[in-house]
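Hi everyone, thanks for making time this morning. Please have a look at the model on the screen, and then I'll walk you through it.

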Amino acid sequence: MTYFDHNATTPVRPEVVAAMRDALERLHGNPSSAHADGQRARAAIERARDQVAALVGAAPAAVVFTSGGTEGDHLALAGGARAIAARDGRRRIAISAIEHHAVHGAAELLEADGFAVTHVPVDHNGRVDPAAVDALPGDTAVLAVMLANNETGVLEPVADIAARARARGIRVHCDAVQAAGKVAIDARALGADYLVISAHKFGGPKGAGALVLADGAPLEALQRGSVQERGRRAGTENVPGIVGLGVAAEHAARDLDAESARLLALRERLEQGLRAAIPDAVVHAADAPRLPNTTCVSFPGARSDTLLMALDARGFEVSAGAACASGAVEPSAVMRAMGVPPAIATSALRLSTGRTTTAADVDALLAALAAVVGPAARRAGVA
Ligand code: PLP
């Protein structure tokens with residue numbers, strides 16, 4: 001199979017596998033134990049903290065290890081909003097319309113807790129207008145805007161948004177799960193109070209990630225018990241997962257410049273090939289700043305699920321850019337927020353490349369797409 005679904009998850013790097021195996025075999029102490037075995041496990045965690053901090057330009061003490069992006073988004077948004085509400089009574093959060101389900105889920109929890117939720121619209125490219133910050137209600141505690149969208153790859157103007165939010169005393173949560181390892185991140189320059197990453201999106205294991213806090217960012221722990229992670233996230237640490245996250249972060253940082261340039265060249269090859277072979281294909285947010293590895297493209301007349309299955313049968317793994325439920329195809333929430341007409345949105349595919357993708361893979365996918373798109377559109381009765 002040829003894998004074009006790196007935004008869903010990435011193959012684990014061999015160096016990560018080796019480091020995790022070593023951690024499983026050697027680091028059996030509890031990192032909270034004072035004896036030698038415990039302290040060896042503790043040292044491995046602190047090394048990973050340095051590696052993660054270096055990837056995102058933060059201080060090691062700012063890093064809180066989590067079980068991945070979903071937990072990080074919950075800890076940041078719910079833990080942040082609750083801490084702020086306890087301080088000054090503000091009980092509103094704002095989230096952009098194109099956030100991941102994990103952020104929407106955390107917002108739903110807060111809503112059930114009596115918080116108000118403001119939804120911030122996006123333009124046709126799926127970008128938030130930084131001026132929208134000035135219009136947020138005065139009782140807004142936290143605003144969530146992701147760094148890169150998982151479906152379209154579109155990059156949000158988070159630094160501008162954070163600067164405006166700071167001027168109004170609003171904290172900013174930035175889900176950087178899709179951006180980490182693909183574009184350079186400097187947490188201090190970005191100015192977000194809460195920043196979340198997930199190891200399995202850049203060559204690390206599933207089930208490991210981090211929340212990176214700005215100095216003084218309010219946080220109420222959601223998991224309580226012992227005092228791991230300085231009381232910010234109780235629970236015995238996932239030592240092999242954290243070690244794997246750290247090694248993946250170190251390699252991602254080392255390879256970032258070369259790999260992002262290589263992926264950008266592959267994206268251009270793919271999109272030029274698409275335009276040549278399938279002239280009515282619509283590349284979403286084609287002119288907006290985007291991740292170098294992501295192409296979200298619609299094939300008017302076809303259905304996302306039909307295309308996905310036809311490609312799968314030919315050995316290519318991609319994602320549908322539309323949601324399929326009980327036989328029907330619905331536009332994704334991101335496409336709806338961008339105002340994409342339903343007929344276009346329901347024919348979207350997400351093609352995402354990564355470390356293992358080659359130019360030959362791109363050419364083979366183009367040939368497969370050219371072969372399946374026409375018949376898929378005819379089956380839908382359009383072409
Ligand atoms: N945020 C974004 C933007 C994502 O793409 C994902 C995963 O697809 C998540 C959060 C959730 O991360 P995890 O799978 O580590 O829980």
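I'll start with charged pairs and then turn to the nonpolar cores.

A quick word on the ground rules: this is a predicted model, where local features need pLDDT of at least 70, side-chain atom pairs count only at pLDDT 80 or more, and totals for chains, interfaces and linings use all residues. Residues are numbered from 1 along each chain as its sequence is written, and side-chain values use heavy atoms, with hydrogens and water left out.

So, how many salt bridges does the structure hold? There are 22, counting a side-chain nitrogen of Lys or Arg within 4 Å of a carboxyl oxygen of Asp or Glu. As a reminder, side chains of opposite charge can pair when their charged atoms come close.

Take Asp113 and Arg82, whose side chains form a salt bridge at 3.3 Å, N to O. This pair joins distant parts of the chain, 31 residues apart: Asp113 sits in the loop between α4 (101-112) and β4 (116-120), and Arg82 in helix α3 (residues 69-88). Helices here are DSSP runs of H or I with at least four residues, and strands are runs of E with at least two, numbered from the N terminus. Asp113 is partly exposed at 38% relative accessible area, and Arg82 is partly exposed too, at 26%. For those words, buried means under 20% relative accessible area, exposed over 50%, and partly exposed in between, with a 1.4 Å probe and protein chains only.

Next, Asp88 and Arg90 meet at 2.8 Å, N to O. Is Arg90 buried or exposed? Arg90 is buried, at 17%, while Asp88 is partly exposed at 43%.

Arg254 and Asp255 form another salt bridge, at 2.9 Å, N to O. Here Arg254 is exposed at 56% and Asp255 partly exposed at 21%.

There is also a salt-bridge network, linking Arg42, Glu46, Arg49, Glu229 and Glu237.

Now the cores, meaning sets of buried Ala, Val, Leu, Ile, Met, Phe, Trp, Tyr and Cys residues joined through side-chain atoms within 4.5 Å. The largest has 68 residues, and Phe65, Leu143, Ile185, Ile197 and Phe202 touch the most other members. Why does this core lie between domain 1 (2-8 + 256-382) and domain 2 (14-251)? Because both domains give residues to it; their bounds come from an automatic or database domain assignment.

A second, separate core of 26 residues includes Phe4, Leu349, Ala368 and Val372.

That's my tour, so over to you!
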